[in-house]
Amino acid sequence: MIDKTVSTNIRNLREQKKLSQAELGDMIGVCANTISNYELGKTGIKNETITSIAKALGVEVFTATNDGSAGVKGLVTDPLDDVLANFR
């Protein structure tokens, strides 16, 4: 399963960029159904894939976990307080 914050942020950021699931999928080399599964939290997602999605969406990857170990936790954008609020 994918972290709910990550899946929600993927969807929100994709929609803000006015991209379809198919368009984002084409940008990172997966099908629209895979993007849908990421956004619904149904499919696990590799760190490399999160990095590819972040690059395609023009955002940075936020690296930190609740337990303090290094890892990819979610996608954040620079000035969007509503998205950043998920990490506070």
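# A guided tour of the chain

From the N terminus on, the elements of the protein chain follow the order α-α-α-α-β-β-α. This amounts to five helices and two strands, where helices (H or I, at least four residues) and strands (E, at least two) are DSSP runs numbered from the N terminus. The model is predicted: local features need pLDDT of at least 70 and side-chain atom pairs count only at pLDDT 80 or more, while totals for chains, interfaces and linings use all residues. Residues are numbered from 1 along each chain as its sequence is written, and side-chain values use heavy atoms, with hydrogens and water left out.

**Whole chain.** Begin by displaying the surface. The accessible surface of the protein chain is about 5200 Å², with 49% belonging to carbon and sulfur atoms; areas come from the Shrake-Rupley method with a 1.4 Å probe, and for residues only the protein chains shown count as cover. Of the 88 residues, 36% count as buried, that is, under 20% relative accessible area, as against over 50% for exposed and in between for partly exposed. Among contacts (heavy atoms within 4.5 Å) between residues at least 6 apart in sequence, 45% join residues at least 24 apart.

**Helices α1 and α3.** Select residues 4-16 (α1) and 32-40 (α3), whose axes come within 6 Å and cross at roughly 125°. The axes are lines fitted to C-alpha atoms, for helices over the stretch in contact, and angles run from 0 to 180 degrees between N-to-C directions. The two helices α1 and α3 are therefore oblique to each other; angles under 35 degrees count as roughly parallel, over 145 as roughly antiparallel, 65 to 115 as roughly perpendicular and the rest as oblique. On the α1 side, show S7, I10, R11 and R14; on the α3 side, show I35, Y38 and E39.

Next, centre on R14, which is placed in helix α1. R14 counts as buried because its relative accessibility is 8%. Leaving out residues up to four places away in sequence, R14 touches L19, S20, Q21, L24, I35, E39 and L57. L13 also lies in helix α1 and, at 2% relative accessibility, counts as buried. Draw a C-alpha to C-alpha distance from L13 to A54: these residues are 41 apart in sequence and 9.2 Å apart in space.

**K18.** Move to the loop between α1 and α2, where K18 is found. K18 has a phi near 55°, a positive value in a residue other than glycine. K18 is exposed, with a relative accessible area of 72%.

**Helix α3 and its cover.** Return to α3 and select its buried residues, I35, S36, N37, Y38 and E39. Their cover includes α1, α2 (21-28) and α4 (47-57). Just after α3, G41 takes a positive phi of about 75°.

**The nonpolar core.** Finally, select I10, L24, Y38, I45, I53 and L57, which touch the most other members of the largest nonpolar core, a set of 14 residues. Such a core consists of buried Ala, Val, Leu, Ile, Met, Phe, Trp, Tyr and Cys residues joined through side-chain atoms within 4.5 Å. Two or more residues of this core come from each of α1, α2, α3 and α4, and α4 gives the largest share, four residues. End on L24: apart from its neighbours within four places in sequence, L24 is in contact with I10, R14, I35, I53, A56 and L57.

Key: Buried < 20%, exposed > 50% of the residue type's maximum accessible area, 1.4 Å probe, protein only.
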